[in-house]
Structure formats: structure tokens, C-alpha cells
Amino acid sequence: MASLSSTDYVYFENSSSNPYLIRRIEELNKTANGNVEAKVVCLFRRRDISANLNTLADSNARDFEDESKQPSMSEQQKHQLKHRELFLSRQFESLPATHIRGKCNVTLLNETDVLTGYLEREDCFFYSLVFDPVQKTLLADQGEIRVGSKFQAEIPDKMGEGESDIRAQEKLETKVWDPNNQLKDAQIDQFLVVARAVGTFARALDCSSSIRQPSLHMSAAAASRDITLFHAMDTLQKNGYDLAKAMSTLVPQGGPVLCRDEMEEWSASEAMLFEEALEKYGKDFNDIRQDFLPWKSLASVVQFYYMWKTTDRYIQQKRLKAAEADSKLKQVYIPTYTKPNPNQIMAPGNKPGINGAAGYQKGLSCESCHTPQSQQWYAWGPPNMQCRLCASCWIYWKKYGGLKTPTQLEGAARAGSDVAPRGHMTRQEVQGMSPFTSSAGRAKLLAKNRQTFILQTTKLTRIARRVCKDILQSRRAARRPYASINANAVKAECMIRLPKAAKSGIKYHTVPRPSLIDIVKELAVQAPLKLKAPRGAPTPINRNQGIQPRSASALLGKRPYDNVIGGNSFSTNGRPFTSGMRAANQSVIKRQKVSQGDAPNPVVFVATKETRAMRKHLTQGEMRRAARKPHLPVRAKLPLPPRPLPVPILPSSTSEPIVLED
């Protein structure tokens with residue numbers, strides 16, 4: 001039986017096969033039906049966050065090890081240390097107390113801590129970063145304990161006897177009060193009383209202050225705060241402790257000087273927002289300012305907090321919280337959970353410690369420690385893999401969320417993360433990493449979602465392409481990418497020929513190639529787009545296309561081709577749509593949808609009648625050569641068009657009209 005109270009870190013079980021959840025108890029409440037619920041703060045493991053955030057956590061861990069000079073650890077210790085790291089959050093939830101499975105210890109990672117010490121202690125965890133489940137971010141904890149070498153003060157050497165201090169005192173400190181002044185204590189007290197009276201009179205003259213402090217008592221109380229006393233003492237210091245000059249400074253010709261602190265500057269609604277934010281975030285003034293009071297400065301929020309603690313409002317809230325705490329449960333007792341786990345592999349007829357169970361293959365060992373003997377086995381991982389853990393590794397899995405040694409199946413436990421780890425980058429990431437890609441090019445690639453592999457060649461591979469041209473045959477290999485290349489033989493031959501090639505030098509044959517812009521311009525000149533007037537209404541390609549409204553194309557997100565040209569209806573082969581209805585025996589032609597990954601670049605070549613006629617007179621070899629070298633002009637011998645036969649004009653026998661009678 002375990003005794004639990006608030007601020008305890010405990011294990012919660014939400015699934016029989018998943019690891020325990022680690023939570024910090026904030027409150028223990030008793031429901032109407034008699035059950036006990038715990039309001040808890042969520043802590044997350046590494047397996048609960050994405051791969052990108054895990055990379056960020058690894059970088060933070062390396063920086064911590066370098067700064068704190070941690071002793072060297074083995075790979076297994078580094079693997080197990082990741083299971084002891086948690087990420088704090090500000091997410092609250094309520095869970096039934098019956099799901100608690102024990103207590104654990106969670107501490108803030110300090111620079112003086114030795115990481116291997118966490119592995120030596122059971123149920124011990126640490127955290128250094130704060131995870132935001134909504135924004136999916138990791139931030140450093142603001143409550144860091146500043147202990148370590150980088151937080152120590154640098155004490156200068158002690159000055160010798162008779163040695164003068166050569167440091168500039170003005171740069172070290174600012175003198176605001178001289179206790180060895182010519183005034184007596186009674187005179188100073190009288191001047192402070194005059195300063196309070198001037199402050200009360202100034203608040204009576206100020207319209208905004210008279211609204212906030214309508215009575216004389218409230219104005220006098222506001223004038224008696226520290227801001228008035230500090231102003232009076234600064235006035236004495238600046239005037240050389242001359243009471244006559246100080247009096248004239250307090251009441252200049254324009255009227256009395258009004259000094260107001262943060263309690264007077266803040267409105268009642270701003271004070272309510274501050275109390276609400278303090279209830280939610282505690283003394284995290286950065287979050288209070290960012291989420292509730294962004295128009296206030298951080299110094300203003302901090303000053304208001306310490307002045308607010310001196311008010312009656314703070315005392316009343318403190319009493320209410322104390323009364324609520326007395327009415328809540330302070331301590332509960334949770335019995336030990338003894339029910340069997342559903343993941344136990346029951347093997348009737350087998351003695352304890354013998355390998356083998358019903359439905360599982362014999363000869364299987366533990367996936368973590370690889371032991372073949374155990375008193376009890378537990379099913380772990382996907383059911384079709386038939387993996388299992390021994391009793392000790394199963395307890396380690398439930399408590400720490402991982403296995404003692406890294407395995408291939410451990411990646412399956414992270415299937416619930418937001419971003420799965422990828423073995424290669426997408427086309428957008430590769431193009432975005434290139435320094436030669438413009439911002440317009442990156443914008444076009446946002447629609448490309450096909451993933452691409454990067455094949456990066458070494459210097460030896462690039463040299464082998466030049467030295468061993470006769471063996472490698474790069475053009476033939478490019479045409480047959482499915483055929484394998486004996487890379488070892490090519491490298492061996494390259495190492496033999498390389499000394500000779502270094503003496504003679506490699507001859508490069510440069511081929512002048514025009515740029516892509518010139519090719520596009522040349523093709524546009526050779527095959528211009530000829531627009532023809534439409535003869536009639538376009539024939540619907542699909543049955544439902546004829547009844548769709550014209551605004552439906554705008555809903556699809558892409559403009560049709562006729563809108564791009566300027567209203568004329570043309571198909572992709574350059575022919576206008578023909579009018580008329582579809583024949584009865586004609587099949588319905590469905591429009592082929594092109595995915596975003598397969599979408600071509602925005603360069604459209606429209607074939608004309610002359611281009612299609614030229615294709616018919618090209619052989620297959622000429623077509624291939626034209627496709628491989630699009631920058632060269634295509635020379636084709638076109639046959640002469642057939643001459644029209646002359647139609648003989650027969651003279652009429654008579655010029656009179658012929659009349660046919662019925």
C-alpha cells in the first residue's frame with residue numbers, strides 16, 4: 001500500500017501493453033460517487049514527441065555533456081539514459097486514482113549532476129526542457145537552478161596595504177544616498193512629511209487620480225507609498241541636502257510633482273487579468289506578459305507583483321486558498337495492484353522457466369536481454385512478430401518506455417509519433433537546400449510532394465568516369481539503369497590507370513549547349529501557337545460536365561486551359577472543340593487527373609498541324625535522337641503536297657435555263 005499526496009510523481013497505467021504515464025499530482029479530489037480523482041501535470045517521454053524534437057533534445061544533451069564535463073559512457077548507457085529523460089509541460093488532466101501503479105522521483109537536471117547516477121537508482125528521472133503539446137515546441141525550463149562554474153562570481157585579488165584603488169568608481173556604482181550628510185534625522189523626517197503632503201495635493205489636482213482615489217484617505221495612502229519616499233530622498237541627494245532647494249524642486253512653477261507607481265498606473269481590469277494569469281502560470285512573468293498583458297513591459301509586471309503582495313487583495317486570496325486546501329484531500333492510500341497483465345503468455349502444462357508457450361514458437365528469447373529462461377513471459381510488439389520479453393525486461397519497458405538494448409523492433413513503438421523518421425529528403429527540402437534556387441523556384445516546388453533520393457558521388461567515382469570510359473560506358477549505363485555495374489572492377493582499373501593519367505592529363509571535350517531560355521524561345525518561334533475562332537459550343541467530355549455551372553471550375557482550385565488562353569476553347573493538341581452531340585456508339589472519354597507530384601513545369605508546347613505532319617515522316621531513330629538532344633534542329637524531308645487535279649469546264653450547249661416539269 002502506497003501513501004500519496006500532492007506534488008508526488010506517480011506512474012499511471014492507461015494501457016496494459018504501453019508504458020506507464022508519468023504524472024505529477026497537483027490535487028486530490030473526491031467525486032460525488034465516492035471515487036478519488038487526481039488533477040495531474042503531464043510529463044512526456046522521448047517516444048511521445050516527434051523525430052525533429054528528438055533531434056533538438058539530442059543537441060541539448062550534447063551541449064549539457066560538454067559544459068558539465070560528464071564522464072564517458074558506453075552506447076548502452078547512452079541508450080538507457082534517453083529513457084530517463086522527461087519533458088515537463090503545462091498540460092493538466094484528471095485521472096482516476098485507481099490507475100496509479102507506484103511512485104517515482106523526477107528532478108530538474110543540474111550542472112553538478114552526474115548522468116550515470118540516474119541509471120544506478122530505480123524509478124529516477126530528470127527533465128531540462130519544457131514541451132508544448134499544442135505548439136509542438138521544446139523550450140528551456142525557466143526555473144533552472146543556477147549552480148555551477150558559469151554562475152560563480154569572479155572575485156578580484158585583494159589589494160595590498162597602502163595600494164590605491166585605480167578603478168573608476170562611477171562605472172562600478174551610482175551613489176544615491178550619503179549617510180554622512182549635514183542634515184539631522186528630524187529634518188529628514190520633516191522633509192518626508194512635506195513630500196507626502198505634496199503628493200496628496202498633486203493627486204487632488206490630477207483628474208485621473210481623483211477618479212481612482214475619490215476620498216482623501218485613499219489619496220493620502222497612495223502618497224505614502226515607497227515611490228514618494230524614494231523621490232524625496234533622490235531630491236535631497238541631487239540638491240546637496242539643501243532643504244530650500246529641495247522644497248523648490250518638489251513644487252516647481254507648473255505645479256506639484258506627481259509620482260505614481262505601478263499600483264496606480266494599472267487599471268482594475270488589468271489587475272484582474274494579472275490575477276487570472278498568476279492563477280494559471282504561477283510566477284512565470286514571461287508567459288503572463290506574453291499571453292495576458294502584452295502591452296506591459298516585463299519590469300512593470302514584476303514591480304506590480306511585489307506591490308500587489310502588500311495589498312489586502314493578496315491576503316484575502318491567500319486565506320481562500322488555505323481554506324480550499326483544508327477542504328481537499330491531503331493524502332490517500334492506494335493498495336498494491338495485483339491483477340494479472342493480459343499480455344502474459346500463459347503456457348499450461350509447462351513448468352516455470354521453460355522456454356515455450358501456447359501459440360509462440362519454441363526457441364524464442366527475450367528481445368531485450370536475449371535470455372532464453374524466465375519465470376514469466378510477456379507478449380511485446382506486433383502480434384505477427386511473436387516477440388516477447390522476460391519478467392525483468394517487461395518491468396523495465398513499463399517503467400522507462402524502452403528496452404535495455406536497442407533493437408530493430410523498437411522503431412515500432414514510435415509509430416504514434418507525429419513525424420516518422422525518414423531515410424531520405426523530399427524534393428522540396430533538397431531544392432530548398434541548394435544555394436542556386438531562387439525564391440520563385442522554391443514557391444513552385446511547394447506543390448511537388450514526390451520524395452526523391454540524392455545520389456552523391458565521391459571524387460574517385462567522378463575520376464573513374466573519365467579514366468575508365470571504355471569499361472564504364474556511362475551513356476549505355478544511363479540508358480539501362482536497371483543493369484548492375486561492377487564497381488569494384490572499375491575502381492581497381494582506375495587505380496591502375498590513375499598514375500598514368502595524371503602525367504598525360506585528361507582531355508575534356510566541351511560541347512557548347514544553349515541555355516533553356518534560348519531553347520524555349522527557339523521552339524516558340526518554330527512552332528507558334530495559332531489561335532482559331534471556335535465554331536460552336538464545346539462538346540462535354542463527361543456526362544456531368546454539360547450540366548455543371550461555370551463557377552464550378554473555380555471551386556476545383558485549377559483554371560481550365562481555355563481560361564488561360566483568354567476565353568477561346570482549345571484542346572491540348574491545338575484543335576478547337578467541335579460542336580455537336582456524342583454518337584450513341586461512342587464511349588465516354590474521362591479526363592485524366594494528374595497528381596501534384598507528376599505535374600510538369602509550367603512550359604506548354606502546343607502541337608500544330610505542321611508539327612504532327614513532321615512526326616509522321618520521322619523514323620524511330622530520328623525521334624529518339626531528337627528527344628535526347630532537344631537543342632539541335634530536326635531535319636526531316638517532307639514530301640511535296642499533291643497537286644489538285646484540274647476540273648474540266650464543259651461548255652453548255654445552250655444558255656437558256658433547263659426547266660424540269662413534273
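Colleague: At what angle do helix α5 and helix α7 pack?
Modeller: This is a predicted model. Helix α5 covers residues 185-205, and helix α7 covers residues 216-223. Their axes lie 8 Å apart, and the packing angle is about 130°.

Colleague: Is the crossing of α5 and α7 left-handed or right-handed?
Modeller: Look at how α5 passes α7. The crossing is right-handed.

Colleague: Which residues of α7 does α5 meet?
Modeller: From α5 come Arg196, Gly199, Thr200 and Arg203. By class, this contact has four nonpolar, three polar and two charged residues. On the α7 side are Leu216, Ser219, Ala220, Ala222 and Ala223.

Colleague: Is Met159 buried, partly exposed or exposed?
Modeller: Met159 sits in the loop between β8 (137-140) and α4 (169-172). Its relative accessible area is 37%. Buried means under 20% and exposed means over 50%, so Met159 is partly exposed.

Colleague: Which residues does Met159 touch, not counting those up to four places away in sequence?
Modeller: Contact here means heavy atoms within 4.5 Å. With those sequence neighbours left out, Met159 touches Ser164 and Asp165.

Colleague: What share of the chain's residues is buried?
Modeller: The chain has 26 helices and eleven strands. It exposes about 47500 Å², with carbon and sulfur atoms supplying 55% of that. Of its 662 residues, the buried share is 27%.

Methods:
Residues numbered from 1 in each chain as written. Predicted model: local features only at pLDDT ≥ 70, side-chain atom pairs only at ≥ 80, totals over all residues. Heavy atoms only, no water. Axes fitted to C-alpha atoms, helices over the stretch in contact; angles between N-to-C directions. Helix = DSSP H or I, 4+ residues; strand = E, 2+ residues; numbered from the N terminus. Left-handed = near helix turned anticlockwise from the far one by under 90°. Nonpolar A, V, L, I, M, F, W, Y, C, P; charged D, E, K, R; others polar. Buried < 20%, exposed > 50% of the residue type's maximum accessible area, 1.4 Å probe, protein only. Areas by Shrake-Rupley, 256 points an atom, 1.4 Å probe, with all protein chains shown as cover.
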